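Here are some friendly notes to read with the model open beside you. Take the points one at a time and find each residue as you go.

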Amino acid sequence: MAISAAIGTPLEACLAQAVSANPALKDAATVIAAVARSAVEISERIGRGALSGDLAAAGEHNSDGDVQKALDVIAHESVTAALRAAPVAEVASEEAEEVMRLNPDAPLAVAIDPLDGSSNIGVNMAVGMIFGIRPSIKDPANPLASFTTPGSAQIAAGFVTYGPATALILTLGDGTQSYVLDRAEGQFRLTSPAMSVPASAKEFAINASNARHWDAPVKAYIEDCQRGTEGPRDKDYNMRWLASLVADIQRVLTRGGVFLYPGDARKNYARGRLRLLYEVAPVAMLVEQAGGAATDGQTRILDLVATGIHERAPLVCGSTEEVSCVAAYYGGGKPDAGRSPLFGQRGLMRS
Ligand SMILES: O=P(O)(O)OC[C@H]1O[C@](O)(COP(=O)(O)O)[C@@H](O)[C@@H]1O
Ligand SMILES: [Mg+2]
Ligand SMILES: [Mg+2]
């Protein structure tokens, strides 16, 4: 959907334009409109903060072992109700153990993180919602069939950030657009028809509290960033970590940088923390469509195929120069002069 609409055009009009250019997008556009309606509802709820009740109240554990907060459940119920009224056959939600079957004859399947950045609920920080839309593959014996295709099979992907403004970042496979919720009217309006990730940047995002658990390539890359102009990267970096994937990625999409949630040595973290179907793959599509790159260190994210609904995948994405650099560290490329002693010690970058 290369959008030629003017800034301020309502989402519905932009979707209509995309459908008239490519009628095959009609069902995906209906799904996006439904997700957007749910986002407006959730945004209002979040905007009232504690006046909406205790949105951070702890409930059950979800299938990934995280404690579900009240807002996780509210968002899951809101978005799945919206998807029930859309052409969606299956939903893979973070908050449901198994694939949910909605309208069996419908053409699409949706993977969704109804509420991303849960640790920020209750402290007035940005949270969001992430989704990826794929063709539904009809296999009565295997409910996961629609989701066991590579991320490149996604027809569309997007996320919503409930921040100071509520933003929708969207791709229908031809560029990445941003929209902002016009609160007075309860509808999203176009704010950027073509987001573009700068190829080079000086900002990294990683949960540095896990440094001692990282593997050698990540340790070496971050150490080299921290060495700034005194190290092989020859530039001074800044670090940002919002603990909310959507907000961190919106920053990377807007002004560049690199986001890393690698695998590490903690129990159950060999493949990191983020889930492939409803976090990593949609984000990878959005970043690639904005001219950036996304890898798990070895493999392009959009080539990965999930084998389970809540499967995790390491994510390194953003400005192409930084992502290539991390991939080179993983690949054992040639050492640079003055590079991190860690690589020298472990011989990782030796040819
Ligand atoms: O707690 P950590 O290690 O900082 O992890 C933060 C990451 O976890 C997440 O909150 C995971 O998403 P959920 O809140 O949907 O489980 C990401 O948004 C964020 O990038
Ligand atoms: Mg999440
Ligand atoms: Mg979540």
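The points below go from the domains to their contact, then to a metal site and a helix.

1. A first word on what you are looking at: this is a predicted model. The protein is divided into two parts, with domain 1 covering residues 9–194 and domain 2 covering 203–331.

2. How many residues does each domain bring to the contact? Domain 1 gives 48 residues and domain 2 gives 30. Together the domains bury about 2,800 Å² between them, and 61% of that area is on carbon and sulfur atoms.

3. On the domain 1 side, the strands β3, β5, β6 (127–135), β7 (156–162) and β8 (166–171) each supply at least two of the residues that touch domain 2. Strand β6 gives the most, with 7 residues.

4. While you are looking at charged side chains, find D66 and R275. Their side chains meet in a salt bridge, with 3.9 Å from N to O.

5. Next, the magnesium ion labelled ligand 3. Which residues are its protein donors? They are E94 (through OE), D113 (through OD) and L115 (through O), and they lie 2.1 to 2.2 Å from the ion. Along the sequence, these donors follow the spacing E-x18-D-x1-L. E94 sits in the loop between β3 (88–93) and β4 (100–101), while D113 belongs to strand β5 (residues 108–116), so the pair ties together parts that are 19 residues apart in sequence.

6. The magnesium ion (ligand 3) is 3.7 Å from the magnesium ion (ligand 2), and D113 coordinates both. Are E94 and D113 buried or exposed? Both residues are buried.

7. Finally, have a look at helix α6, residues 276–289. This helix is mostly covered, with 12 of its 14 residues buried. Among the buried ones are L276, Y278, E279, P282 and M285. Just after α6 comes G291, which takes a positive phi of about 90 degrees.

Note on methods. Residues are numbered from 1 along each chain as its sequence is written. Chains are lettered from A and ligands numbered from 1 in the order in which they are written. This is a predicted model: local features need pLDDT of at least 70, side-chain atom pairs count only at pLDDT 80 or more; totals for chains, interfaces and linings use all residues. Side-chain values use heavy atoms; hydrogens and water are left out. Donors are N, O and S atoms within 2.8 Å of the metal (3.2 Å for Na, K and Ca); water is not among the atoms, so sites may look incomplete. Helices (H or I, at least four residues) and strands (E, at least two) are DSSP runs, numbered from the N terminus. Buried means under 20% relative accessible area, exposed over 50%, partly exposed in between (1.4 Å probe, protein chains only). Domain bounds come from an automatic or database domain assignment. Contact means heavy atoms within 4.5 Å. Buried area is the accessible area (1.4 Å probe) that two parts lose on being put together, summed over both. A salt bridge is a side-chain nitrogen of Lys or Arg within 4 Å of a carboxyl oxygen of Asp or Glu.
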